[in-house]
Amino acid sequence: MNKLSLIALSASLSAALSFAAALSADAATLRTDATIEGDTVLLGDLFDDVGDKAGQPVGRAPAPGRRATYDAGFLVRLASYHQLGWRPASQYDRVVLTRGSTVVDAERVRDAVAQELAGRSEADRLDIDLDNKLLELHLPSGQPATLKLESVTYDQIQGRFSAVVVAPAEGPEQSRTAISGRAAAIVEVPVLTRRIKPGEVITASDIGYTEVRMNRIGAELLRDADELVGRTPRRQISANTPVRARDLQQPQVVAKGALVTMVLQHKSMMLTAQGKALEGGSDGAVIRVVNTMSNRTVEAVVVGPNQVSVTRPGAAVLN
């Protein structure tokens with residue numbers, strides 16, 4: 001083969017390789033949306049069919065959970081640099097990359113705050129509201145969705161707290177965020193399960209429970225069911241209404257206007273007389289009673305149904 005023939009063959013091979021390279025470059029296609037997990041954007045994350053160039057890094061990935069948009073201008077320069085031969089169809093061509101993540105959401109943070117503050121409150125539980133209700137912490141994919149709290153402060157009077165959330169709970173720190181919010185102390189209080197009128201005696205089966213915020217209960221709101229059982233409302237109480245001490249009284253065993261037996265017990269002597277109650281009263285209450293014989297009014301202690309005890313010494317009060 002002469003020299004001219006060799007030159008002609010070499011030119012043909014070069015042309016063939018160039019043609020093949022051109023075919024390979026023309027095969028690259030743009031991806032429109034993609035999700036990546038690592039911290040580096042690769043050429044293959046932006047273009048399909050780029051062969052062994054797919055693994056070449058082209059930049060730093062967005063933060064976990066964030067997006068990055070690569071416009072047509074950037075993509076043209078990138079394709080030219082890597083000799084992909086790709087050209088945009090329009091100026092609006094772009095690729096949107098999303099960095100995958102492990103999410104620590106607001107509910108998980110609220111639970112952690114409630115557990116942390118539980119030991120600092122007398123409440124049955126705490127209702128936690130974050131100032132940033134849409135709080136989300138994004139950790140790199142594969143990280144556990146755990147957290148720990150640091151620098152926690154809690155003002156029980158104001159019901160305010162602050163803390164720093166660190167995630168994950170163990171291992172290298174990936175996220176550190178300051179939070180604040182309101183911690184409402186919740187307590188369970190007894191309520192009546194049905195409407196009860198004055199005169200009806202409350203039993204254990206009449207009692208249920210409801211939750212109220214501690215700062216709304218006041219000093220008189222009853223928290224122990226035993227304080228309701230055996231008593232009667234001073235006025236009608238609706239179902240599911242928290243009960244205050246002043247709403248209840250002992251059941252009256254002497255009604256106003258009822259005829260009662262007046263008893264005077266003095267040493268070994270006991271005298272009785274009939275009287276009329278000028279006011280109603282429960283066991284142990286002091287009421288006014290008029291002697292129906294003498295028309296004298298005395299104070300007496302209710303000792304049973306329609307029975308009162310006159311404590312004034314001497315029998316004159318029964319005359």
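Of the contacts in the protein chain with a separation of 6 or more, 53% are between residues 24 or more positions apart. The model is a predicted one. Its protein chain contains four helices and 23 strands, and 35% of its 319 residues are buried.

**Confidence**

- The average pLDDT of the protein chain is 87, and 89% of the residues reach a score of at least 70.
- Residues 1-25 have a pLDDT below 50. Beyond near neighbours in sequence, this stretch makes five contacts in the model.

**The sheet of β2, β7 and β6**

- Three strands make up an open sheet with mixed pairing, in the order β2-β7-β6.
- From one strand to the next, the twist averages 20°.
- Strand β7 (residues 94-99) runs parallel to β2, and four bridges link the two. One of the residues involved is D33, whose bridge partner in β7 is V96.
- Helix α3 (residues 72-81) lies across β6 and β7. The angle between α3 and β6 is about 70°.

**The hairpin of β11 and β12**

- Strand β11 (residues 148-155) and strand β12 (residues 160-167) run antiparallel and are joined by six bridges.
- The two strands form a hairpin, with four residues between them. In the turn, G159 has a positive phi of about 70°.
- Opposite K148 stands V166, a residue of β12.

**Nonpolar cores**

- The largest nonpolar core consists of 30 residues. V109, L117, F161 and I179 have the most contacts inside this core.
- Two or more residues of this core come from each of α4 (106-118), β9 (125-130), β10 (136-140), β11, β12 and β13 (175-192).
- Another core, of 19 residues, lies apart from the largest one. Among its residues are A28, A68, L84 and W86.
- Which residues does L117 contact, leaving aside its neighbours within four places in sequence? They are L126, I128, V152, Y154, F161 and A183.

**D206**

- D206 is found in the loop between β13 and β14 (207-213).
- Is D206 buried or exposed? D206 has a relative accessible area of 6%, which is under the 20% limit, so D206 counts as buried.
- The side chain of D206 makes a polar contact of 2.9 Å with the side chain of R194.
- Leaving aside neighbours within four places in sequence, D206 is in contact with V191, L192, T193, R194, I196 and V201. R194 is therefore both a contact of D206 and its partner in a polar contact, which is defined as a pair of N or O atoms within 3.5 Å.

**V303**

- V303 belongs to strand β22 (residues 297-304).
- The relative accessibility of V303 is 43%; because this falls between the 20% and 50% limits, V303 counts as partly exposed.
- Not counting residues up to four places away in sequence, V303 touches D283, V308 and S309.
- How far apart in space are V303 and V286, C-alpha to C-alpha? The distance is 9.6 Å, and the two are 17 residues apart in sequence.

Terms used
Residues numbered from 1 in each chain as written. Predicted model: local features only at pLDDT ≥ 70, side-chain atom pairs only at ≥ 80, totals over all residues. Heavy atoms only, no water. Pairing = 2+ DSSP bridges. Axes fitted to C-alpha atoms, helices over the stretch in contact; angles between N-to-C directions. Contact = heavy atoms within 4.5 Å. Core = buried A, V, L, I, M, F, W, Y, C linked by side-chain atoms within 4.5 Å. Buried < 20%, exposed > 50% of the residue type's maximum accessible area, 1.4 Å probe, protein only. Polar contact = N/O pair within 3.5 Å; in protein donor to acceptor, adjacent residues only side chain to side chain. pLDDT = per-residue confidence, 0-100.
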